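Student: I have a model open and would like to go through some of its packing with you. Could we take it piece by piece?

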Amino acid sequence: MAEENIFAQNKKKAPEAKESKPAASGEQSVLGGNSKPNPNRKPITFYKKAWFWIIIAVVVLGIAGLIVFLVINSNMTAEAIEKYTENGQAAVSAANKFESSFRTIYSDAGMSYYSSSEKRTNELHDKCLKDTFGIDKDVYESVKNIEYHTGEAAAEALGTGKTRELSDNFKKIADSLENLNDKISGCKEMLNNTVKGEYDVEIGEFEVEESGSRFYTYYNYKLPVKITNKSSEYKIKFAVYFKAVDADGKQIATDYFYSDLLEPGETGEEKVFNSGYTSKLDDLKTAKFEVTEVKEVTVE
């Protein structure tokens with residue numbers, strides 16, 4: 001037996017190294033290693049769903065539509081500013097022609113004097129525009145009260161939105177009042193019917209009374225008439241014109257009267273063919289009397 005080294009005697013025997021075992025599979029530790037898959041985690045697959053792509057399509061189309069709208073709106077605004085001056089001039093010219101024509105037919109219908117400050121005048125004016133030409137009062141006022149005569153000036157003072165609105169109104173007025181003379185007949189009829197609806201004339205029997213002596217005969221004759229103001233709102237003074245015709249329709253004589261200013265619903269009594277017709281008296285006794293015209297002298 002060999003003699004042990006003295007140094008080896010005092011040296012402790014090192015423990016035998018244990019056999020290392022392979023790391024168990026499973027979740028990875030914080031220091032690394034393989035991790036165990038989580039059976040509860042779902043894979044990301046929503047991009048495969050139809051609803052996902054529908055939402056994407058809606059968003060894309062919405063953005064595209066907004067862009068198209070903004071471009072179109074911008075173009076329309078620019079065009080409206082450009083057309084403002086042209087449309088404004090056309091509308092002012094058309095409105096001036098309408099005002100002149102309306103004043104003429106207003107007088108021809110037997111209305112009292114035309115006054116833009118009178119309520120009744122304005123009501124009939126606006127009714128003509130609306131019923132015959134399809135123009136609202138507010139739209140028409142935009143031409144009567146025009147302040148800016150160029151699109152640039154209007155846009156600077158009022159903004160592009162208001163400028164475009166006014167330009168559209170101007171075009172509508174000019175287009176609606178085109179061929180004015182052909183369309184104004186609707187207003188004529190309306191005005192004529194208005195006057196006819198505000199009075200009623202009742203013609204009595206022609207009366208003749210004789211007096212005097214065997215040397216000279218005096219004649220007192222007249223045609224009694226009544227006129228009623230049928231208006232429910234206005235006091236009216238009328239001028240009424242008559243003619244007398246024979247059995248063949250030939251005119252014998254004419255006459256007229258002015259009524260008092262009649263309250264709504266009031267009836268006035270008048271007489272015509274009561275003076276200056278002695279030479280035609282025999283013919284008037286058998287004549288037929290007709291109303292030829294009624295005019296409104298005063299309306300309050």
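Student: At what angle do helix H3 and helix H8 pack, and how far apart are their axes?

Tutor: Bearing in mind that this is a predicted model, helix H3 (residues 119-133) packs on helix H8 (residues 185-196) at an angle of about 140 degrees, and their axes are 9 Å apart. The crossing of H3 and H8 is right-handed.

Student: Which residues make the contact there?

Tutor: From H3 the contact takes Arg 120, Leu 124, Lys 127, Cys 128, Thr 132 and Phe 133, while H8 supplies Gly 186, Cys 187, Met 190, Leu 191 and Thr 194. Sorted by class, the contact of H3 with H8 has 6 nonpolar, 3 polar and 2 charged residues.

Student: OK, and what about H4 with H6, at what angle do they pack?

Tutor: Helix H4 (residues 137-144) and helix H6 (residues 160-176) pack at about 100 degrees, with 9 Å between their axes, and that angle makes H4 roughly perpendicular to H6. On the H4 side the contact is made by Val 139, Tyr 140, Ser 142 and Val 143, and on the H6 side by Leu 166, Asn 169, Phe 170 and Ile 173.

Student: Switching to strands, what is the order in the open sheet of 3 strands?

Tutor: The order is E5-E4-E7, and the pairing is antiparallel. Strand E5 (251-258) and strand E7 (288-299) are the edge strands, each of them pairing on one side only, and from one strand to the next the twist averages 15 degrees.

Student: How many bridges join E4 to E5?

Tutor: Strand E4 (residues 236-245) is joined to E5 by 7 bridges, with the two strands running antiparallel. Within that pairing, Tyr 241 stands opposite Tyr 256 in E5.

Student: Last topic, how many aromatic pairs does a search of the whole structure find?

Tutor: The search finds 15 aromatic pairs, and one of them is Phe 102 with Tyr 106, a tilted pair at 5.9 Å centre to centre, with 45 degrees between the planes.

Student: Why are Phe 102 and Tyr 106 separated by about one helical turn?

Tutor: Phe 102 and Tyr 106 are both in helix H2 (residues 50-108), and because they are 4 residues apart there, about one helical turn separates them.

Technical notes
Residues numbered from 1 in each chain as written. Predicted model: local features only at pLDDT ≥ 70, side-chain atom pairs only at ≥ 80, totals over all residues. Heavy atoms only, no water. Pairing = 2+ DSSP bridges. Axes fitted to C-alpha atoms, helices over the stretch in contact; angles between N-to-C directions. Left-handed = near helix turned anticlockwise from the far one by under 90°. Contact = heavy atoms within 4.5 Å. Nonpolar A, V, L, I, M, F, W, Y, C, P; charged D, E, K, R; others polar. Phe/Tyr/Trp six-rings, centres within 6.5 Å; stacked < 30°, edge-to-face > 60°. Parallel < 35°, antiparallel > 145°, perpendicular 65-115°, else oblique.
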